[in-house]
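Please look over the sequence and the model together before reading on.

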Amino acid sequence: MTSRSRPENRPGSPWDGEFARYFGERAHSLRATAYLLCGDWHQAEDLTQAALLKLYLAWPRLARHDTLDAYARKVVLRTFLAEHRKVRWKRERLTGELPEVPVERAETEQDELVRHALGVLAPRQRAVLVLRYFDDLSVEETAAALGCSTGTVKSQAARALATLRKRLGPHFGSLSFSTGGLEGR
C-alpha cells in the first residue's frame, strides 16, 4: 500500500503531536529494553526504530492508549524475535575486528559479566529475563507480551537463571539485574 492509499498516515496527521510526545517519553526505555535483548546498541537502535515505525502506523487504530507501553514493548520483543529468526537465513559477513566506537561510559566488570552471560541465552529466555527483571513485569504480563502461558514464563526464567548461575559461578550471588549502564544512552 502506498501513502496515497492511506492518507491518514501522511506527515501532518492529527495524531503526530501525540505520537511525538509518546516517542519522546518512551524511546529511551524501549531502546534500553532492546539493548538488553540483543546486546548491541546499534541493533537496539534499529529494533527501536522499526518498532516505533510499526507503532506509528498502528497509532490511529489503537483505541486504548492506556496500554501503549505494553503494546510498544511487545512490538520491540516481536521485532527482536523475528529478526533473530531471520538470522538463520541472512548472515552478515563477520570480521575479527570491531569498528571503532566512542565509549560513553566505562562498563564495570559486573556489567560486562551480566551482558556476556545474557548473550549465551536463547532469545526467548533472554526476553523472559529482560521483561521480568529489567522491565519489572509480572509473570502474567510477561506471558501476555510473549504470547505464552505463565508456566512457560516460569520454566524459561528458571532455565535462564540456572544457565546464568552456571555461567557466572560465584559472582552471581552479588549481581543485581540493573540497567547495566543504560542511563546515559
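Which hand, left or right, does the crossing of α5 and α6 have? The model is a predicted one, and in it the crossing of α5 and α6 is right-handed. Two packed helices are described by the angle between their axes and the distance between the axes. For helix α5, which covers residues 123-134, and helix α6, which covers residues 139-146, the angle is about 135° and the axes lie 10 Å apart. Because angles over 145 degrees would count as roughly antiparallel and those from 65 to 115 as roughly perpendicular, α5 is oblique to α6. On the side of α5 the contact is made by R124, A127, V128, L131 and R132, and on the side of α6 by V139, T142, A145 and L146. Sorted by class, the residues of this contact of α5 with α6 comprise six nonpolar, one polar and two charged.

The crossing of α1 and α2 is right-handed. From α1, the residues D16, F19, Y22, F23, A27, L30, R31, A34, Y35 and C38 take part, and they meet W41, Q43, A44, E45, L47, T48, L52, L55 and Y56 of α2. The contact of α1 with α2 contains 14 nonpolar residues, together with two polar and three charged ones.

Is Y22 buried or exposed? Its relative accessibility is 8%, and since buried means under 20%, Y22 counts as buried. Y22 belongs to helix α1, which spans residues 16-38, and, leaving aside residues up to four places away in sequence, Y22 touches A27, L55, W59, L68, D69 and A72. Among these partners is L68, which is 46 residues from Y22 along the chain, although the C-alpha atoms of Y22 and L68 are separated by 9.0 Å. The side chain of Y22 also reaches the backbone oxygen of L68, at 3.3 Å.

Finally, the chain as a whole can be considered. Its secondary structure comes to seven helices and zero strands, and from the N terminus on the elements run α-α-α-α-α-α-α. Of the 185 residues in the chain, 36% are buried. Among the contacts in the chain with a separation of 6 or more, 68% are accounted for by residues 24 or more positions apart.

Conventions
Residues numbered from 1 in each chain as written. Predicted model: local features only at pLDDT ≥ 70, side-chain atom pairs only at ≥ 80, totals over all residues. Heavy atoms only, no water. Axes fitted to C-alpha atoms, helices over the stretch in contact; angles between N-to-C directions. Helix = DSSP H or I, 4+ residues; strand = E, 2+ residues; numbered from the N terminus. Parallel < 35°, antiparallel > 145°, perpendicular 65-115°, else oblique. Left-handed = near helix turned anticlockwise from the far one by under 90°. Contact = heavy atoms within 4.5 Å. Nonpolar A, V, L, I, M, F, W, Y, C, P; charged D, E, K, R; others polar. Buried < 20%, exposed > 50% of the residue type's maximum accessible area, 1.4 Å probe, protein only. Polar contact = N/O pair within 3.5 Å; in protein donor to acceptor, adjacent residues only side chain to side chain.
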